[in-house]
Amino acid sequence: MTKTYQELLTEAYDQITTIPTEIAVDLVEDPDTLIVDLRDRRELEREGKIAGAFHCPRGMLEFWIDPSSPYHKPVLAEAKQIVFYCASAWRSALAAKTAQDMGFVNVAHIEGGFTAWKEANGAVEPVPAK
């Protein structure tokens, strides 16, 4: 094994912007910020999501943010700050690094993820089961 997940996370944390939860709570209302939930659909259905967040499963990120991909989602190409989150800020750290590696400059992730968000009493909306 060349790199462990911990080494990948350390590299990501060194190169990305981490937004404290208290500041992220205010970004929900910012029209120039897109909050992106990377968690699995089952996690969303079980726990809800940040109010107004866009859902992009982590496994689809590279395909959805690349305008040349047949799976591209235009909302991810708007001139906004993109703030990723997951359950505990591991997937979101790697996602922010990946987005930067793909040329995005205005990306960040939420410190502590959805777990910290709920602890800070951030707005959560339910996600109905499909």
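**Charged pairs and overall fold**

Modeller: Arg41 has a relative accessibility of 27% and counts as partly exposed, where buried means under 20% relative accessible area, exposed over 50%, and partly exposed in between, with a 1.4 Å probe and protein chains only. Bear in mind that this is a predicted model, in which local features need pLDDT of at least 70 and side-chain atom pairs count only at pLDDT 80 or more, while totals for chains, interfaces and linings use all residues. Residues are numbered from 1 along each chain as its sequence is written, and side-chain values use heavy atoms, with hydrogens and water left out.

Biologist: Which residue does Arg41 meet in a salt bridge?

Modeller: Its partner is Glu45, at 2.9 Å from N to O, a salt bridge being a side-chain nitrogen of Lys or Arg within 4 Å of a carboxyl oxygen of Asp or Glu. Glu45 is partly exposed too, at 29% relative accessibility.

Biologist: Where do Glu45 and Arg41 sit?

Modeller: They are four residues apart in helix 3 (residues 41–47), and therefore separated by about one helical turn; helices (H or I, at least four residues) and strands (E, at least two) are DSSP runs, numbered from the N terminus.

Biologist: What about Lys49 and Glu125, how far apart are they in sequence?

Modeller: The side chains of Lys49 and Glu125 form a salt bridge at 3.3 Å, N to O. Lys49 is in strand 3 (residues 49–50) and Glu125 in strand 7 (residues 124–125), so this pair ties together parts that are 76 residues apart in sequence. Lys49 counts as buried at 13% relative accessibility, whereas Glu125 is partly exposed at 27%.

Biologist: Which residues are joined into one network by shared partners?

Modeller: Arg46, Glu47 and Lys118 are, through salt bridges that share partners.

Biologist: And how many salt bridges does the count come to?

Modeller: The count by this rule is eleven, and one of them links Glu11 with Lys3, whose closest N and O atoms are 2.9 Å apart.

Biologist: Changing topic, what pattern does the chain follow?

Modeller: Along the sequence the pattern reads α-β-α-β-α-β-β-α-β-α-β-α-β, with six helices and seven strands. The radius of gyration is 14 Å, close to the 14 Å from the globule rule for 130 residues, so the chain is as compact as a globular protein of that length; the radius is taken over C-alpha atoms, and the rule is 2.2 Å times the number of residues to the power 0.38.

Biologist: What share of the 130 residues is buried?

Modeller: Buried residues make up 40% of them.
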